[in-house]
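Keep the structure in view while reading.

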Amino acid sequence: MPGWLEAGAWGLFGGAALVVGALVAWFAPVPRAVVAGVMAFGSGVLISALAFDLAQEAAETGGLTVTVVSLLAGALLYVAANAALARRGARHRKRSGGQQPSESEQGGSGAAIAVGALLDGVPESVVLGLGLLGGGGVSTAVVAAVAISNVPEGLSSVAGMKRAGRSARYVFGVWGGIALVSGLAAALGYLALGGASPQVVAAITALAAGAILTMIADTMIPEAFERTGLLTGFITTLGFVLAFAVSRLGG
């Protein structure tokens, strides 16, 4: 299979996990406490993959300075984009309660939420595709982290969309579209960077990692804490420890 096609398939796989969560939330409502617990666990798994796979690999190939600057740049870019979307009604796009505004409450919020969901999902797909550059295989730890974190993301966000009165066409149009764009982003990333130097690939990987880490802190952990309270830290650490252990044993 051509590398770009494999990259696209992995990106699509990551996006499909969001669709799975959306389907579950729409047809079989899950208690918010369960969603929050899984989201906290997924946050820990994703943080582990960021630290011990993405950031570490970027530092080893691109150098510490490039990695640090790119991580901070990714975080700042995410914050800027997220702030702009928050003003248009997408601030609580991952919240499962009644925080999301309806279209009648804030016009254009539906489009803002859709763009926000895309902002959250694309960096994850890009790093899946970049993992194939240089002839290496995609990181099992990163794939598992993206899948485990995306399912509760879809669950929580769609539960909130449903409470805000969004239609099934809107909900599944958003998540289906994000899954397709995720696959496309991974494939295009592979094609665009196929001839790039390891340092450039490392910088872009770190940039995406910085955006993902900021997304976890801004959107996932607040939703988890609202329902799991003082257990949030322990559940997140549990996800981190298990992912770290699997990564070390697999290495």
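Helices here are DSSP runs of H or I with at least four residues, numbered from the N terminus. The model is predicted.

Q: In which helix is Leu5 found?
A: Helices are numbered from the N terminus. Helix H1 spans 3-27. Leu5 is found in helix H1.

Q: Is Leu5 buried, partly exposed or exposed?
A: Buried means under 20% relative accessible area, and exposed means over 50%. Leu5 has 39% relative accessibility. That value lies in between, so Leu5 counts as partly exposed.

Q: How many helices and how many strands are there in the protein?
A: Read along the sequence, the pattern is α-α-α-α-α-α-α-α. The protein has eight helices and zero strands.

Q: What percentage of the residues of the protein count as buried?
A: The protein has 251 residues. It exposes about 10900 Å², and carbon and sulfur atoms supply 71% of that area. The share of residues that count as buried is 49%.

Q: Among contacts between residues at least 6 apart in sequence, what percentage join residues at least 24 apart?
A: Contact means heavy atoms within 4.5 Å. Take the contacts between residues at least 6 apart in sequence. Those joining residues at least 24 apart make up 85%.

Q: Which helix gives the most to the nonpolar patch?
A: The patch covers about 640 Å² and is made by Met1, Trp4, Leu5, Leu184, Leu188 and Leu191. Helix H1 (3-27) and helix H6 (168-193) are the elements that give two or more residues. With three residues, the one that gives the most is H6.

Q: Which residues does Gly3 contact, leaving aside its neighbours within four places in sequence?
A: Gly3 is found in helix H1. Beyond its neighbours within four places, Gly3 is in contact with Leu132 and Tyr190.

Q: Which side chains meet in a salt bridge?
A: Side chains of opposite charge can pair when their charged atoms come close. A salt bridge needs a side-chain nitrogen of Lys or Arg within 4 Å of a carboxyl oxygen of Asp or Glu. By this rule the count comes to one. At 2.7 Å, N to O, the pair is Glu226 and Arg32.

Q: How many residues apart in sequence are the parts that the pair of Glu226 and Arg32 ties together?
A: Glu226 lies in helix H7 (residues 198-228), and Arg32 lies in helix H2 (residues 32-62). The pair therefore ties together parts whose separation in sequence is 194 residues.

Q: Is the crossing of H2 and H5 left-handed or right-handed?
A: Two packed helices are described by the angle between their axes and the distance between the axes. The axes of H2 and helix H5 (residues 140-163) come within 8 Å and cross at roughly 145°. Residues of H2 that meet H5 include Arg32, Val35 and Phe41. The crossing is left-handed.

Q: In which handedness does H1 pass H5, left-handed or right-handed?
A: The axes of H1 and H5 come within 7 Å and cross at roughly 35°. Among the residues that make the contact are Trp10 and Phe13 of H1, and Val143 and Val146 of H5. The crossing is right-handed.

Q: Is Ser43 buried or exposed?
A: Ser43 has its place in helix H2. Its contacts, not counting residues up to four places away, are Ile216, Met220, Ile221 and Thr236. At 0% relative accessibility, Ser43 counts as buried.

Q: Which residues does Asp218 touch, not counting residues up to four places away in sequence?
A: Asp218 is in helix H7. It is partly exposed, with a relative accessible area of 38%. Its C-alpha lies 9.8 Å from that of Tyr78, 140 residues apart along the chain. Asp218 touches Tyr78, Val79 and Asn82.

Note on methods
Residues are numbered from 1 along each chain as its sequence is written. This is a predicted model: local features need pLDDT of at least 70, side-chain atom pairs count only at pLDDT 80 or more; totals for chains, interfaces and linings use all residues. Side-chain values use heavy atoms; hydrogens and water are left out. Buried means under 20% relative accessible area, exposed over 50%, partly exposed in between (1.4 Å probe, protein chains only). Accessible areas come from the Shrake-Rupley method with a 1.4 Å probe; for residues, only the protein chains shown count as cover. Patches are made of residues with over 30% relative accessible area and no salt bridge: like charges are joined within 9 Å, nonpolar side chains (Val, Leu, Ile, Met, Phe, Trp, Tyr) within 5 Å. Axes are lines fitted to C-alpha atoms, for helices over the stretch in contact, and angles run from 0 to 180 degrees between N-to-C directions. A crossing is left-handed if the near helix is turned anticlockwise from the far one by less than a right angle, and right-handed if clockwise.
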